[in-house]
Amino acid sequence: MSDAQTPDLRAAAREYDDAGLCLLPIKADGSKKADVSSWTPYKVNRSTPEEHDAWFDGSRPRGIAVVYGAVSGNVEMIEFEGHAIEDGVLSEVTEIMEASGLGEDWRAVLAGWATESPSGGRHYRVRIAGGGVRGNTKLASRLAREDEYTPEERQRLAEKPNAKIVRVQIETRGEGGYGLVEPSGGTVHESGKPYLRIAGGPASIPTLDADVLTAIHDVLRMVDSIPKEEKAKTAPRPTRPLSEGEVRPGDDYESKVDWDEILNGRFSPIFTRGNTTYWRREGKTRGVSATTGYAADRDRLYVFSTSTEFQAEVPYDKFAAYTHLNHNGDFKAAARALADEGFGSKPAVRRLAAVPAPRGRFDDAPSDGANALQYDHDLEPDEAGFEPHIVRTRPKVNITNEAEAIDTLLDVMASGDLADLYTRSGGPCWVYEDEMGNPAVRQLATDNLRAYFNDHVTTYTMTTDPETKSPVEVRNPVMRQTCATILGRKEWPLPRLRGIVTTPVVRPDRSLLTRPGYDKTTGLYLHPRVPMRRLRPELAQDSIDKAKALILDTMLADFPFMAASDKAQYLGALLSPIIRPLVPGPTPLVIITGTSAGSGKTLLKDIFKYLFGLGDAPWPENDAELRKAITAQLRDGGEPVIAFDNLPNGYEIKSPILSSLVTTDTWRDRVLGSSEVVTMPNDRLWIVTGNNLKTGGDNGRRALWVRIDPDCPNPDQRDNFVVGDLRPWLGKNASTVVAALVTMVRGWIAAGAPTERVRMGDYSEWASAIAGLLKYLGVPGWLEDRGNVRSSDEDDEWTYFYLAWHEKFGSTVVGTGEVLANIAEFVPRKRDGELPVANQLGSWLKAKEGRYYGSHKAVLVRDAHRRQNRWRVAEHGEKR
């Protein structure tokens, strides 16, 4: 078949079948619908000659169509609509194909099998090698002209004036699609006109590689004339109106720079047709990758290839392309860079006068010798430490637009230009000194953050001078809602505050944190409690010996420790804040107890206060108040040591809250007066003091005892101490004492930080480190008294009860009634002093089953015959 048409559909069907094509019968009603109950099976199963004979036997009028895709041997149809032919789109496409190196392949398509549709359109077929056939795809469209509107489209525009009426000019029929072919005619098409073959036939369909067809598709897309809106990623956000005479850097760049300069090294121009320049990406030998100048409203780059740095099928103006290539899409950064290069101009701005930044708390501090932790008597203490983070100028932030103000303030927070502002659980916070000179932490509310910005950032709004029309900066504070929005974030670009220390400490890597201020390595903030000494860098044994003598033989010389273990345990507690970052984890409750008032327990507590700072809190009346006190100290206080002083005489410490506190790394609680729940690191040393203190429950094995006994009447009248009155001595020598403690720790670190394995439950790692440190220092007695500490009256009562039981009954199994009848004088009493009945004693025994009191425990023996529980007392190590 060439110019002459096949005389009947059955003959045409045989020709198409011989070419390997799948066919469909089409209704002769102008609908172009398939004349079968369902044509879905023919998407995958090719029609048969028998079906063709039945469909096209001439019994009724029908049209004929080809199903495209894999079922017809990977054939795709490219359709140019009739109005596209009238608009000269085919000629334009052909010119681009020839210029882009695709001319030979395109000529093969045009000369292959070509059909003219009843509307004057063109249908071209191509067979694809090396890839699948895509589904039906619209490649190019234009807006409909007014004279083309149908009545339905005019009604749509009346209802929605901004609606777009589109005419598809080029599309494909591919996988899952079909198209009518010649010699369909008559009422098959609504116009009554036939489909005519104008070139070749099904036997002459050209075969093209998949990548070549992709390049052809790219060219076909280039003639699309539907306006493309720039997306957020490729267009700057709406900006403020310009003042008279002002030119934005991006606009200036647009007018002065051509695409060759922007795309140099990435794309090469192929040819120019009218206002449109066609570009090919580097490394590609034929085809077109992008266009510029095609849009009527603005010169934009439009990339079709997916193998470039640009997003495909998204328009970029020159400024957007520059921003994408050089500033990763950050339009603000791009505008600043272009302004620095001289692009853009602004009228004179009446600016605010410069405001000096607030002075840092540790400004003007000496820096020599700051990292030397060698104790030396001959060097005087400094009046201040060293603050590594010193801000000299205030950042300036334009807060005219709230959204931009939030972004810019967050950028300032991330820049590190804000002093003493950090983040921890609950949000931003600042570190400050209270009226006693102690470090404290304030969790920021909206007004706190607003006040902070007012002190540390110059914030202003822009207005226009009514006379000169030039922009003017007007000082204004940040809006409260802006601060509330910043505080409402999930995270903040601020340094994380993990804790406050008041003396030099050992980092986890065994280096020494010595500079006051924030330490990025650990997240700790060093706020010296006492002036920092200038210390020599070399470490000598003589200096370590002097340090030991100052602590043990001078400061602690006159305290009446009951045993060597009490002195060792106090020294271990005193060294703990310095090595705490090196040995993470909980530390036990330090119990400082004396035999009478005036024995010196409060003085021992006050040594911590003078050296490290101390969070003092009265002993609460109940566990609920205790919990509030703990949360308040951890949340708002910065002292590394917290003490509950002067518990009642003979008080039994039996608190599940304290027991939980000293066995966990973190503390979680609700903030008083709000529903906010905070989680804070439990990095403090906890101390209680009192006379004749005892422990009950689990508190006994979670305590470090320091016992003192002056063994004299009126111990507060003692005199002739080595240092005289300790508190005035500490006031004068606290910095020397801190240097001595740090020198001892430094010697231990230099020796490799040896440890001595000690088992102490949850505190074993800490206890082993302190044991190694004290052994290095030659201080004996660490934890030797663990079996001699005072237990509670209840523990003593049950210990004697089990002992009497075992002496009376041995390992014999007995009932609680027999116990009450034989050793009633040893049975624990109820609160009213009365004996329990047999059932109540049995309940008590069940609650204590398996727990040792002294060296004995109760063992339950169930008597199935008597249907009762019976008991025996077993001694530790006794065979069962």
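1. Just past helix 20, G752 has a positive phi of about 100°. This is a predicted model, where local features need pLDDT of at least 70, side-chain atom pairs count only at pLDDT 80 or more, and totals for chains, interfaces and linings use all residues. Residues are numbered from 1 along each chain as its sequence is written, and side-chain values use heavy atoms, with hydrogens and water left out.

2. Helix 20 itself runs over residues 726-750 (helices are DSSP runs of H or I, at least four residues, and strands are E runs of at least two, numbered from the N terminus). Its end C-alpha atoms are only 31 Å apart, short of the 36 Å a straight helix would reach (1.5 Å times one less than the number of residues). There is also a kink of about 70°, centred on N733 (the angle between axes fitted to the seven residues ending there and the seven starting there).

3. Helix 20 is largely enclosed by the rest of the structure, because 19 of its 25 residues are buried (under 20% relative accessible area, 1.4 Å probe, protein chains only).

4. Now for helix 18. Buried residues here are L626, I630, T631, Q633, L634 and R635. At the start of helix 18, a side-chain oxygen of N622 comes to within 3.1 Å of the backbone nitrogen of A624.

Conventions:
Buried < 20%, exposed > 50% of the residue type's maximum accessible area, 1.4 Å probe, protein only. Polar contact = N/O pair within 3.5 Å; in protein donor to acceptor, adjacent residues only side chain to side chain.
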